[in-house]
Amino acid sequence: MSKFWSPFVSALVPYVPGEQPKLARLVKLNTNENPYGPSPKAIAAMQAELNDTLRLYPDPNGERLKQAVAAYYEIETAQVFVGNGSDEVLAHAFNGLFQHGRPLLFPDISYSFYPVYCGLYGIDYRTVPLDENFRIRSDDYRQSNGGIVFPNPNAPTGCALGLDDIEAILQANPDSVVLVDEAYVDFGAQTAVTLIDRYPNLLVTQTLSKSRSLAGLRVGLAIGHADLIEALERIKNSFNSYPLDRIALAGAAASFDDRGYFEETCAKVIASREALAHGLRDAGFEVLPSAANFVFARHPGRDAGALAASLRERGVIVRHFRQARIDQYLRITVGTPEQNAELLQALTAILHA
Ligand SMILES: *Cc1c(COP(=O)(O)O)cnc(C)c1O
């Protein structure tokens, strides 16, 4: 607290990101990063940007990147917004599309940044409980609201919602923006991008941090009707004209151009996820069906917080949320087969100690 703070700063409750440990030796399975590196073509494109032209500002519109995304999804560049990580894109969407007086709806178990943005922008919200299997029920979103947001697949559960359910939510809410946060969609869910021409109230956000292995670059995007994109552009151009630097724009575009590498590494993560879920079940865990690059699991006989602490002592870090309904679960990022084996070995040792 300081007398220099604007009054609203004292009331802010900021988001707490997963730990980025200083120790390199740890098996880091806590923040859903990709265990494989980015596309070699993306790295080459970024290296090619390291020259004298860095004295010049980047393209404020990120046109080259928008073209790469539009080509990938066979849509128009006017239907694409790019920003500094999808967290920034989400912030602009909350600010520009969810301030309507009525409460924003999102699941009770969901991405913990959503209530933080509500606090930042003074948006009233109501959480909608997931069902007993941690599933989103589309019928629960037939109530008065000023907007709807949920991740698909959901985080931290990993459970995917089908496009039929997403369409049901869109149809029941023609006067609200429905934001589908597709941070993990490439690991096994169906993208709602195919619906944007039919639903002017649909906004889809994606990130290059997970499936494209560029968490360190900070690039995210939104896809939707040009009118929704225009709202985000207006906010962005009132805040920071150049959210993406030359290196990020080049690397992100090259990543979208390199479809082969992307599909290959996603397939490896998916195969690894299935093996990890199998290994965890063999060790006595209950594992929710995951369409993401993490699994959500609980051991019926062991406290999740204690397990996470014991794993850490053995050099393996996973994520544990002290939150109602899920405080007995661990969220474990899918690593390489070697990292997954280290995790399972550590767990077996802990369970037999
Ligand atoms: C990781 C994540 C994001 C943020 O991605 P960045 O592009 O790295 O900011 C957004 N939503 C969900 C659900 C995520 O898990």
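Q: A salt bridge is a side-chain nitrogen of Lys or Arg within 4 Å of a carboxyl oxygen of Asp or Glu. By this rule, what does the count of salt bridges come to in this predicted model?
A: Side chains of opposite charge can pair when their charged atoms come close. Apply the 4 Å rule to this model. The count comes to ten salt bridges.

Q: How far apart in sequence are the parts tied together by aspartate 257 and arginine 64?
A: The side chains of aspartate 257 and arginine 64 meet in a salt bridge, at 2.8 Å from N to O. Aspartate 257 lies in helix H8 (residues 246-257) and arginine 64 in helix H3 (residues 63-73), so the pair ties together parts whose separation in sequence is 193 residues.

Q: Is aspartate 257 buried, exposed or partly exposed?
A: Buried means under 20% relative accessible area, and exposed means over 50%. Aspartate 257 has 47% relative accessibility.

Q: Which residue forms a salt bridge with arginine 142?
A: Both residues of this pair are exposed. The closest N and O atoms are 3.2 Å apart. The partner of arginine 142 is aspartate 139.

Q: Which strand holds glutamate 286?
A: The side chains of glutamate 286 and arginine 298 meet in a salt bridge, at 2.8 Å from N to O. The pair links distant parts of the chain, twelve residues apart. Arginine 298 is in strand S10 (residues 294-298). Glutamate 286 is in strand S9.

Q: What is the relative accessible area of glutamate 286?
A: Arginine 298, at 24% relative accessibility, counts as partly exposed. Glutamate 286 is partly exposed as well, with a relative accessible area of 39%.

Q: Which helix gives the most to the lining of the largest pocket?
A: About 610 Å³ of space lies in this pocket. Of the 30 residues that line it, the closest to the centre are Tyr15, Thr31, Asp87, Tyr111 and Lys210. Four lining residues come from the helix at residues 85-97, which is H4.

Q: From which domains does the lining of the largest pocket draw at least three residues each?
A: The lining divides into twelve nonpolar, eleven polar and seven charged residues. At least three residues come from each of domain 1 (16-37 + 260-351) and domain 2 (40-257).

Q: From which helix does the largest share of the lining of the second largest pocket come?
A: About 440 Å³ of space lies in the second largest pocket. Of its 19 lining residues, the closest to the centre are Val318, Arg319, His320, Phe321 and Arg322. The lining divides into nine nonpolar, six polar and four charged residues. Four lining residues come from the helix at residues 304-313, which is H10.

Q: Is glycine 315 buried or exposed?
A: The place of glycine 315 is in the loop between H10 and strand S11 (316-317). Glycine 315 has 17% relative accessibility. Buried means under 20%, so glycine 315 counts as buried.

Q: With which residues is glycine 315 in contact, leaving aside its neighbours within four places in sequence?
A: Serine 238 lies 77 residues from glycine 315 along the chain, and their C-alpha atoms are separated by 44 Å. Contact requires heavy atoms within 4.5 Å. With close sequence neighbours left aside, glycine 315 is in contact with Leu26 and Val27.

How values were computed: Residues numbered from 1 in each chain as written. Predicted model: local features only at pLDDT ≥ 70, side-chain atom pairs only at ≥ 80, totals over all residues. Heavy atoms only, no water. 1 Å grid on protein atoms, 1.4 Å probe; cavity = no way out; pocket = protein on both sides within 12 Å on 5 of 7 lines; lining within 4 Å. Points joined across faces, edges and corners; volume = space filled by probe spheres on them. Helix = DSSP H or I, 4+ residues; strand = E, 2+ residues; numbered from the N terminus. Nonpolar A, V, L, I, M, F, W, Y, C, P; charged D, E, K, R; others polar. Domains from an automatic or database assignment. Buried < 20%, exposed > 50% of the residue type's maximum accessible area, 1.4 Å probe, protein only.
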